[in-house]
Amino acid sequence: MRMVDIIAKKRNGEALTEQEITFFIGGYMKENIPDYQVSALMMAIYYQGMTQEETAYLTKNIVASGDIIDLSPIEGHKVDKHSTGGVGDKTTFIVGPLVAAAGIPVAKMSGRGLGHTGGTIDKLESIPGFKVELTNQQFIDNVNKYKLSVVGQTGNLAPADKKLYALRDVTATVDSIPLIASSIMSKKIASGADSIVLDVKTGSGAFMKSFEDSKRLAKEMVTIGKQLDRQTIAVISDMNQPLGYEIGNANEVKEAVEVLQGKRVEDLRELAIELAAHMTLVAGVYQDYTEATQSLEKLIDNGEAFHCFKNLIKAQGGDIAVVEDLSKLPGSSYKVEVKSVQKGYIHEMEADEIGVAAMHLGAGRATKDDEINHGVGITLQKKIGDYVEQGDTLAILNSDEENVEHIIHIVKNAYGIKSEKPNNQKMIYEVIK
Ligand code: URA
C-alpha cells in the first residue's frame, strides 16, 4: 500500500477502506508517513468528505493509537458529558453533582481553556487546594465512594488526534465535519464511559456558528458513537450569548454554586437539567423524560446535588470554606463598568468576542503556555431581550488592571441594540439520538 494512492483515491472522491485508514494512521504515528502527505490527505478529506463508515474507521484508529481508560472497576453504568465549547459554560459543575446525586457514577476527564473558551480544569483550580491530578486508583476510588470525580486528562489518550490536530491547525483543515467529529469522539471513547451525552453548541460563541452545521456535526458524532458501540445522544444548545451571567474562572464556579444552592439562573439551570436528564435516561435511572426532569429539579432544590459538589471539593483537597462563603474565592482589584451608549433592547451578542475580552483580562489563554488569572472575568448585567437606557451598565469587568479601555471597547461592541424587542431566545434546539 502506498500513501500517494490513498491521497489520490480520496482526492477523486472515493471512500477509503478500513485497511487504508489503518495504514495511514499507523504509518503517521510511526513517522513512516511525512506531514506533507498527511496534509494533502486532510485537504482531500476537507473537500471530498467521508462516509459514515470511513469516519468510524478513522475514529477507531485514532482511539487505538493510545491508551483506553479502563473504568470497569467503577460500579454501574458510566455516562460522560462533553461540550463542544462555549463562553460561560459551567454546566459540568451542576450536571456532574446532579447526575451523581441521582446515583450515576461520573468519572470525568476535562480539559483546559484556549482562546475564547474556558476550561473546566482551570475553573476548578480557582478553588484553593483543589487537585486536578489524581492517581488512577484515587480517581476510581473517589467515583466509587462519591459517584463523582473530575480530573485533567491523564495517560496517552488519542495521541494521533494531537498530531493530526496540530497539522490541521496550520493547514486550514480544522473546519471539516468528519475530522472534527472523529477528533472529539476519539477522545471521548478513549476516556472509557459506556454512554456519552454531547452538548453541541450553536451560535456566535460556538465552534459551529450555524444551526445546520451544528446539526451535521451532532449527527456525525452520534453515528460514530453507535458504530463504535457507545450509546451517544447530542443536545444542540444555544451559544448566541454566554451561558449565565459570569465568565471567567472563580466567578463561574461561584455562579454554578449559586445554582446548586437554588438560585434561578434560568438558561444555565435549564441546560444543566436537560443534559443531566439524558444522562440519567441512558443509564436507565428514570422511566421517561418528564420523570427525569422533575426528579432532577428536586435534587437541586433539596440540596442533594450541592452536597455531591461539596463531596467532590473535599475529596480532591479543595478548601470547602470557599464554597460555604463564596467571597473567599479569588477576586479582582478593580470593577470597571461597561456602559451602553444607546437605549433599546439587546438584540444580539457576539459571545465569542465576550470570551476574547475575558481572555484579555487574563481569565483565558491566547497561547497554550499562558498563565491564567483565576480572579478576573466578566459579570454580565444585561443579556438578549433586556431593555437598556443610555448609560446603563451592560457588564462589569473584574480586572486586575485599572486601564482596560481596549477591553471595554470589545465588550461594548459585542452588544447589538435595537429599538424593537427580539423574539425569545431558545436554549435547546434539538436532541439527536
Ligand atoms: N475540538 C476538538 O477536539 N477537535 C476538533 O477537531 C475541533 C474541536
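**A tour from ring to ring, then inward**

Start by selecting Tyr-46: it counts as partly exposed because its relative accessibility is 33%. For this label, buried means under 20% relative accessible area, exposed means over 50%, and partly exposed is in between (1.4 Å probe, protein chains only). You're looking at a predicted model, where local features need pLDDT of at least 70, side-chain atom pairs count only at pLDDT 80 or more, and totals for chains, interfaces and linings use all residues. Residues are numbered from 1 along each chain as its sequence is written, and side-chain values use heavy atoms, leaving out hydrogens and water.

How many aromatic pairs does a search of the whole structure find? The search turns up three. Rings of Phe, Tyr and Trp (its six-membered ring) pair if their centres lie within 6.5 Å; planes under 30 degrees apart are stacked, over 60 edge-to-face, and the rest tilted. Tyr-46 and Tyr-47 make an edge-to-face pair, with 5.2 Å centre to centre and 80 degrees between the planes.

Next, select Phe-211 and Tyr-429: their ring centres are 5.9 Å apart and their planes sit at 25 degrees, so this pair is stacked. Phe-211 belongs to helix α10 (residues 211-227) and Tyr-429 to strand β13 (residues 428-432), so the pair ties together parts 218 residues apart in sequence. Helices (H or I, at least four residues) and strands (E, at least two) are DSSP runs, numbered from the N terminus. Phe-211 is partly exposed at 26%, and Tyr-429 is partly exposed too, at 24%.

Time for the ligand. Show the residues around it: Tyr-165, Arg-168, Ile-180, Ser-183, Ile-184, Lys-187 and Phe-207 (each has a heavy atom within 4 Å of it). Click on Arg-168, where a polar side-chain atom lies 2.9 Å from a ligand oxygen. Then try Lys-187, with a polar side-chain atom 2.5 Å from an oxygen atom of the ligand. The protein buries 82% of the 230 Å² that the ligand exposes when taken alone (Shrake-Rupley method, 1.4 Å probe).

Last stop: the largest nonpolar core, with 85 residues; those touching the most other members include Leu-296, Phe-309 and Tyr-415. Such a core is a set of buried Ala, Val, Leu, Ile, Met, Phe, Trp, Tyr and Cys residues joined through side-chain atoms within 4.5 Å. Colour helix α12 (residues 266-282), which gives this core the most, nine residues.

Terms used
A polar contact is a pair of N or O atoms within 3.5 Å; within protein, one must be able to donate a hydrogen and the other to accept it, and residues adjacent in sequence count only if both atoms are side-chain atoms.
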